[in-house]
Amino acid sequence: MNRWGAYCGEGRKARSVSLDSDEKCLFINSQIPKGGLFTGEKNVIHTDSNIPWRLSPEPFWLSSVELEWFEKLGDHLLEFYRVCNLLYSQSVRGIQPEWVAAYLDQGKPEPVVNYGKMNRIKSQIPQVIRPDVLSTENGMIIAELDSVPGGMGFTGNLAMQYAKLDYEIVGGSNGMVLGFAEMIKSLTKHERPTLAIVVSEESKDYWDEMKWFESALRKIPLDVYTVKPNDVLFTEHGLFLESCNSKVQIDVLYRFFELFDLRNIPKAELMLYGAKKRTVVMTPPPKAYLEEKLLFALFHHPTLQPFWCRELGKESYELLTNLIPQTWVLDPRELPPHAIIPNLEIDGMPVTNWRQITPVTQRQRRLVIKPSGFSELAWGSRGVVIGHDLSTEDWEKAVENSLASFHRTPYILQQFHKAKRVRMEYYDFNTGEVRSMAGRALLRPYYFITGEKVRLGGIQANICPADKKLLHGMVDSIIVPCALKPAA
């Protein structure tokens, strides 16, 4: 038996065995289920690898100062969601400007808008928060927020494997599973609620990782079923599942499907009706406006600054002001002659028309365009274009397409921020050697909300090659959990 095979079987004592970097990678790979936990990327690095990304012998290291910062960030993001929820509600009621709700409802069918206004869920906000964080030379930046994130199972599994190598994983070896379980239990009065994780066809790439997550949650123990929408049974008394020739009532329905896809999801209306009648708790709540990237544009809008400052409080307001990049809604409507687009300038000159940004140089268009939400292009880096990565002609087409799409899918314009360079080792399955790669890291902390408490379950680090401007889970990126760097 080779060293990593012996290491796997000897428990705690074997953890003190010193493994080479390649042996650590082979050990981790051996612990990941065959076939992997993500089916969307078919171009695996090597047939012997169980994941479609690169494996590293070490986690991504965080200093104690950085870890403390991430632990506190969750409280500020929870407050941000609460205030966003309040902003929309007050806009609908005319207390805040009506154009706020109009932006957030833009392009959505009436039933989806009405779901978000249901009185029974008016105070509910997402219970899982995952920001995309870039560590730049000038500090941290949050590129966007996701309240229906993938990666929980994959990150949770990796955390367990790296913890077996005696690394001090952020959140602990089981932090993702425990955090999610605590969150689910807090939503009902049942000591052991029945949870249905409903995965749509559109989200099927995440099926394997959610099935693994189910198996880990059952060890808590928690009664969990990962199901497809058609598996949900509706009655006037609630939602049920078939289990061992009997019906099991669902207490909590975890919505792992997007609201833009409702018309393609069997029984979607029945599931939402159950949430409306409170026969089941649905999380995240069906509030499409809380899943819009243009919330960042509203955060920076000058007219709304008194509201944000008052409702967030000084500490959260100042922190988020430095974290959230300048963002604008690409609204094609013509401005009056005296108006400007706030905080958007080209070489010191204010912009009054979006087409002013099309003929500029690459240096001047360090900008990102992305769909705001409620679109199949609004997740997984789909639909994202980076200004200085395009020719002038292609950039002009991207701007025109975004403006033309406003009425069905609003787009946002955002300042581009580059993550600083890092160096990371990975195992090359083709050569059997450990190699070094210069990269840029996208850090994705997972926060789970339990009442007023925010728990950091873990942090996924996605290290992409340094020449890539758009950071996401590509086949040549390294994906690992974050860990506390040992004291020198």
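Student: How many bridges join β6 to strand β7 (residues 238–243)?

Tutor: This is a predicted model, in which local features need pLDDT of at least 70 and side-chain atom pairs pLDDT 80 or more, while totals for chains, interfaces and linings use all residues. Residues are numbered from 1 along each chain as its sequence is written, and side-chain values use heavy atoms, without hydrogens or water. Strands here are DSSP runs of E, at least two residues, and helices are runs of H or I, at least four, numbered from the N terminus. β6 and β7 run antiparallel (a pair needs at least two DSSP bridges), and the bridges joining them number three.

Student: Nice! Which residue of β7 is the bridge partner of threonine 235?

Tutor: Threonine 235 falls within β6, residues 233–235. Its bridge partner in β7 is glycine 238.

Student: Which strands stand at the edges of this sheet?

Tutor: The open sheet has three strands in the order β6-β7-β8, with antiparallel pairing. A strand with a single partner has one side left without a neighbour in the sheet, so the edges belong to β6 and β8 (246–249).

Student: Are helices α3 and α12 roughly parallel or roughly perpendicular to each other?

Tutor: The axes of α3 (residues 64–92) and α12 (residues 314–323) come within 10 Å and cross at roughly 105 degrees. These axes are lines fitted to C-alpha atoms over the stretch in contact, with angles from 0 to 180 degrees between N-to-C directions. Angles under 35 degrees count as roughly parallel, over 145 as roughly antiparallel, 65 to 115 as roughly perpendicular and the rest as oblique. The two helices are therefore roughly perpendicular.

Student: Which residues of α12 does α3 meet?

Tutor: Contact means heavy atoms within 4.5 Å. From α3 come Trp69, Leu73, His76, Leu77, Glu79 and Phe80, and they meet, in α12, Glu315, Ser316, Leu319, Leu320 and Leu323.
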